Amino acid sequence: MRIASARGLQSASMREVAAEAGVSLRLVQYYFHTKEELLLTALAYLGERLATRVERHIRALGPVTPRNVVYGTLTAILPTDAESLDLTRAYTGYYTLVFTDPDLATRHGAAYPDKVERLLAGQLTAAQQADQIDTILDPETTAAGLLALTNGLGSSVLGGQRDGAAALRILIDHIDRLFKPGPNRP
């Protein structure tokens, strides 16, 4: 994860991973027979770390409402602190690797963004049913747009265009305009 966060994965070798972890190459090869197996295991771990972060963000907001789930999920993903910066850099390393090996995504899928979109779309549908957002909006399209906005803001933070606080203000503005005024607004 540190290698992915620091400089990407394209040229990372199993030997380098072993050295970074402070273990022997043989030990890494014992648990991971191929570099691809190692990368996919690390990607699953990355997904678990992000899911835990999202859950913490949602719980910190109080009652579980559609708005709190959308807000908590997207603000957890946005790189605004050291943990989220590391997660975003590591995911960027994986996305870059998929650019150089498109078959990797085909063979193993990049399911986490799809899961996040489905979660967001489900929450937006629930918000429509509770009259918290406009029923004219398509939940799937809106969810995809919110995630794309969050990812784009994350890239702008990584690229130095803006800091995490500025990106967060932009994201919150979009979420606030989506949801009608009411209780449980973070």
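Q: Among contacts in the chain between residues at least 6 apart in sequence, what percentage join residues at least 24 apart?

A: The general idea: a contact means heavy atoms within 4.5 Å. Here, 63% of the contacts between residues at least 6 apart join residues at least 24 apart. Keep in mind that this is a predicted model, where local features need pLDDT of at least 70, side-chain atom pairs count only at pLDDT 80 or more, and totals for chains, interfaces and linings use all residues. Residues are numbered from 1 along each chain as its sequence is written, and side-chain values use heavy atoms, with hydrogens and water left out.

Q: How many helices and strands does the chain have?

A: Both are DSSP runs numbered from the N terminus: helices are H or I with at least four residues, strands are E with at least two. This chain has 10 helices and 0 strands, so to read it from the N terminus you go α-α-α-α-α-α-α-α-α-α.

Q: What share of the residues count as buried?

A: Buried is under 20% relative accessible area, exposed is over 50%, and partly exposed sits in between (1.4 Å probe, protein chains only). Of the 186 residues here, 36% count as buried.

Q: Which residues have the most contacts inside the largest nonpolar core?

A: A nonpolar core is a set of buried Ala, Val, Leu, Ile, Met, Phe, Trp, Tyr and Cys residues joined through side-chain atoms within 4.5 Å. The largest one has 34 residues, and Val70, Leu74, Leu120, Leu124 and Phe179 have the most contacts inside it. At least two residues of this core come from each of helix H4 (35-60), H5, helix H6 (82-100), helix H8 (111-129), helix H9 (139-158) and helix H10 (164-178). Take valine 70: leaving out residues up to four places away in sequence, it touches Leu120, Gln123, Leu124, Leu146 and Phe179.

Q: Is threonine 73 buried or exposed?

A: Threonine 73 is buried, at a relative accessible area of 1%. You'll find threonine 73 in helix H5 (residues 66-77). Not counting residues up to four places away in sequence, threonine 73 touches Val54, Ile58, Val116, Leu119 and Leu120.

Q: How many salt bridges are there?

A: The rule asks for a side-chain nitrogen of Lys or Arg within 4 Å of a carboxyl oxygen of Asp or Glu. That gives 8 salt bridges. One of them joins aspartate 81 to arginine 53, with the closest N and O atoms 3.1 Å apart. This pair links distant parts of the chain, as aspartate 81 is in the loop between H5 and H6 and arginine 53 is in helix H4, 28 residues apart. Aspartate 81 is partly exposed at 31% relative accessibility, whereas arginine 53 is buried at 2%. There is also a network of salt bridges linking Arg53, Arg56, Asp81 and Glu83.

Q: Where do arginine 59 and glutamate 55 lie?

A: Both lie in helix H4, 4 residues apart, about one turn of the helix. Arginine 59 and glutamate 55 form a salt bridge, their closest N and O atoms being 3.1 Å apart. Arginine 59 is exposed at 61% relative accessibility, and glutamate 55 is partly exposed at 42%.

Q: Which parts of the chain does the pair of lysine 180 and aspartate 131 tie together?

A: The side chains of these two residues meet in a salt bridge (2.8 Å, N to O). Lysine 180 lies in the segment after H10 and aspartate 131 in the loop between H8 and H9, so the pair ties together parts that are 49 residues apart in sequence. Lysine 180 is partly exposed, at 37%, and aspartate 131 is exposed, at 52%.

Q: What is the phi of aspartate 131 near?

A: Most residues other than glycine have a negative phi. In aspartate 131, phi is near 60°, a positive value in a residue other than glycine.

Q: Which residue caps the N-terminal end of H6?

A: Aspartate 81 does, with a side-chain oxygen 3.3 Å from the backbone nitrogen of glutamate 83. For reference, a polar contact is a pair of N or O atoms within 3.5 Å; within protein, one must be able to donate a hydrogen and the other to accept it, and residues adjacent in sequence count only if both atoms are side-chain atoms. The buried residues of H6 include Ser84, Leu87 and Tyr91.
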